[in-house]
Amino acid sequence: MIQHSNTEITPVPKHAREWVKVLANYREPKTSRSLYELAVTLGPFVALWALAWWSLSVSAWLTLAISLCNAAFLLRLFAIQHDCGHSSFFKDRALSDWVGRVLGVLTLTPYDVWRRAHSIHHSSAGNLGRRGIGDIDTLTVAEYKSLSRYKQFRYRLYRHPLILFGVGPGYLFFLQNRLPLGLMAHAKYWISAMCTNAAIIVALLVIWYFGGLMPILLIFVPSTLLAATAGVWLFYVQHQFETTHWVDDQDWDLHDAALQGSSHYVLPSVLQWLSANIGIHHIHHLYSRIPFYRLPEVLKDHAGLAEINRMTVRESFANARLHLWDESSKRLLSFAEVKQVNTAA
């Protein structure tokens, strides 16, 4: 038996689906808390932008250092935008959506496009038959072996850390996000992308008019790139780990995939705050309507959940070498491990 913070006693669920009723107790956002979280993130972000701009008259290196620090608050703004997309930040969905759209200009992410793609990710994560939108491309061992050498090379290049975490984040946020890829047939998503693009252009023109090119090169670009890189890394380790969960469509279950295919990324307290508890990803995927600031409350009340797919920062670095899903062993393997298996066979 486990005691909740609201003093109710409930049996410990045995299956992922049974946790949903328990987690529903944590779904209600608190407007005052949400406004506070937004203020303590947006306020420092604006202040550091202003400080970095002022420091241009002192030292370009100082400006760069401040802008890199500000990437942490930009990352947190994206996490708040993420909660808005799940309608978990405010009770009023329209308010959540408009806050998300405004933040999408700062994060270079067309909100309505991202929200739809992310919804597809949540509804298909771990399903081998529904890969393609909102995921990092992952092939099975059999699929990889069936490719031509050129296509194998392309996949190996795509999965290389220098591409995934070096080139990839900049390409995703500066270029790919400018079009509603995957949703091109829908006017709603074109409007979202084009309106976001227009707002970004206006903001950059205002910055250029008053400060020239240097604020863009030394503040806007570095902070965005670093925040994007951190965000891509967090998304990667949340689902790309050795014992993650991938099954064929006929065997796939939403709740099992959410709990078993998402990690609990244990971060130092400062990084956990700056990433808005997104490391508690298995709980988020199992019940996405829980506001990020209530996720630690879930782990406090249900200690057993904290041990599921637990991963430390040191352990997470090994995940960067994993590339292919082996359907026989139910593990994510590296190219080297697949080669060893082939040699042994």
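1. Let's start with a pair to find on screen: Glu242 and Arg331 join their side chains in a salt bridge, 2.6 Å from N to O. A salt bridge here is a side-chain nitrogen of Lys or Arg within 4 Å of a carboxyl oxygen of Asp or Glu. Glu242 sits in the loop between H10 and H11 and Arg331 in strand S7 (residues 331-333), so this pair ties together parts 89 residues apart in sequence. Helices (H or I, at least four residues) and strands (E, at least two) are DSSP runs, numbered from the N terminus.

2. Before going on, a word on the model. It is predicted: local features need pLDDT of at least 70, side-chain atom pairs count only at pLDDT 80 or more, and totals for chains, interfaces and linings use all residues. Residues are numbered from 1 along each chain as its sequence is written, and side-chain values use heavy atoms, leaving out hydrogens and water.

3. Buried means under 20% relative accessible area, exposed over 50%, and partly exposed in between (1.4 Å probe, protein chains only).

4. The structure holds eleven salt bridges. In one of them, Arg17 pairs with Asp253, with the closest N and O atoms 2.8 Å apart. This pair links distant parts of the chain: Arg17 is in helix H1 (residues 16-23) and Asp253 in the loop between H10 and helix H11 (254-260), 236 residues apart.

5. Now look at helix H4, where Asp97 and Arg93 are four residues apart, so about one helical turn separates them. Their side chains meet in a salt bridge of 4.0 Å, N to O. Asp97 is buried, with a relative accessible area of 9%.

6. What about the nonpolar core? The largest one has 45 residues, and Ile80, Phe89, Phe165, Trp233, Tyr236 and Tyr265 have the most contacts inside it. Such a core is a set of buried Ala, Val, Leu, Ile, Met, Phe, Trp, Tyr and Cys residues joined through side-chain atoms within 4.5 Å. Several helices each supply at least two residues, including H2 (31-55), H3 (60-85) and H10 (214-239). The largest share, ten residues, comes from H10.

7. Finally, have a look at Leu217, which is found in helix H10. Leu217 counts as partly exposed because its relative accessibility is 43%. Between the C-alpha atoms of Leu217 and Asp112 there are 28 Å, and the two residues are 105 apart along the chain.
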